[in-house]
Amino acid sequence: MSPQAQPISVCAFYCCYLLRSLKRGSRDYVYVGSTPDPVRRLRQHNGEISAGAVTTRSRRPCLLGKYREMLLIVHGFPSKASALQFEWAWQNPHMSRHSSFDAVPYELQRTLYGNAQKKLETKLVALCAMLTLPPFKMWPLQIACPDPQLHADIIDRARRLGVSEHIHIACQDIRIAFEEAPNHHSYLGPPEPGEQCALCGQGLEEDRPRGACAACSAPWHLTCLAAHNSTSSDSPQLVPTTAQCNKCRHEHIWGDLVRAYAAAVAE
């Protein structure tokens, strides 16, 4: 890859969020939704601006956390469609084909499949359980939670359920997470004439999925990188969650590499 190649944006921001009402008698009520702008969406839920948020109108004002923000957001989805898929499964874990009785630990099934689907405990159990199930566990997801106590609770739940370490759970202000997320870039530009894959030695073509290391700029075919990491791993996967550069050993989130290539093609 040419050192002059400019980084390009990986993808547009889209997240799922968890909302809680401040209205007396509704404080244990939570709502799962999705949006490209969580800051604006919270203002809609609270009636500060018009349009949307019809479902929670009767429970205004709404609060997402101790500091008058959302309890948490989940972002990093490969596409808007995948975010909507995640949203539906989070809203309806008792109906989703992704969270079967066989896949969820027995001690969580009463909560996950019970009648209290609008309770905070149910949604936290569902969130952490979903992050251990395909396809969600393979995605480069990130969670931003501004409340330290709730953040520590989610970290503990994720650890006990075995959520993959590539899913980052941050104690972070949601506005900051939203503002910073679009600034994540991938060092992927068009292949130079005669440029070769650092793994197989063959030429890089525009129509074959490719990537480049964000640390050393080593280029590869994504299929070669996946095969390399599969053969060098103790527990190989057909689709990896992370991939290590064969040159400098820098570790990449696999979903970010795929999204970077998709963004390059879109350019």
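Guide: This is a predicted model, and a search of the whole structure finds seven aromatic pairs in it.

Visitor: What makes the pair F136 and W139 edge-to-face?
Guide: The ring centres of F136 and W139 are 5.2 Å apart and their planes stand at 80°; because a pair needs centres within 6.5 Å and an edge-to-face arrangement needs planes over 60 degrees apart, the pair is edge-to-face. Both F136 and W139 are buried, and together with F77, F86 and W90 they form one aromatic cluster.

Visitor: Which residues touch the most other members of the largest nonpolar core?
Guide: In that core of 35 residues, they are L18, L72, V74, F86 and W90. At least two core residues each come from β2 (15–21), β3 (30–35), β5 (72–75), α2 (80–91), α3 (106–112), α4 (120–130), β6 (142–145) and α5 (148–161), and the largest share, seven residues, is supplied by α4. There is also a second, separate core of 15 residues, which includes C15, Y29, M70 and A177. As a general point, nonpolar side chains in soluble globular proteins tend to be buried together.

Visitor: Why are the buried residues of α2 said to line one face of the helix?
Guide: The buried residues of α2 are S82, A83, F86, E87, A89 and W90; seen down the helix axis, they fall within an arc of 170°, so they line one face. Those buried residues of α2 pack against β2, β3, β5 and α4.

Visitor: Why is helix α1 described as mostly covered?
Guide: Helix α1, residues 38–45, has six buried residues out of eight, namely P38, V39, R41, L42, Q44 and H45. At the start of α1, a side-chain oxygen of D37 comes to within 3.2 Å of the backbone nitrogen of V39, while the residue that follows the helix, G47, has a positive phi near 80°.

Visitor: Why is R249 called partly exposed rather than exposed?
Guide: R249 has a relative accessible area of 48%, and because exposed requires over 50%, R249 counts as partly exposed. The phi of R249 is near 70°, a positive value in a residue other than glycine, and R249 is found in the loop between β11 (242–244) and β12 (251–253).

Visitor: How do you know that the peptide bond from P134 to P135 is cis?
Guide: The omega of that bond from P134 to P135 is near 0°, and the bond is cis; P135 itself lies in the loop between α4 and β6. For context, most residues other than glycine have a negative phi, and most peptide bonds are trans.

Visitor: What share of the protein is buried?
Guide: Buried residues make up 48% of the 267 residues, within a secondary structure of eight helices and 12 strands.

Technical notes. Residues numbered from 1 in each chain as written. Heavy atoms only, no water. Buried < 20%, exposed > 50% of the residue type's maximum accessible area, 1.4 Å probe, protein only. Helix = DSSP H or I, 4+ residues; strand = E, 2+ residues; numbered from the N terminus. Polar contact = N/O pair within 3.5 Å; in protein donor to acceptor, adjacent residues only side chain to side chain. Phe/Tyr/Trp six-rings, centres within 6.5 Å; stacked < 30°, edge-to-face > 60°. Core = buried A, V, L, I, M, F, W, Y, C linked by side-chain atoms within 4.5 Å. Arc of directions from axis to C-beta. Contact = heavy atoms within 4.5 Å.
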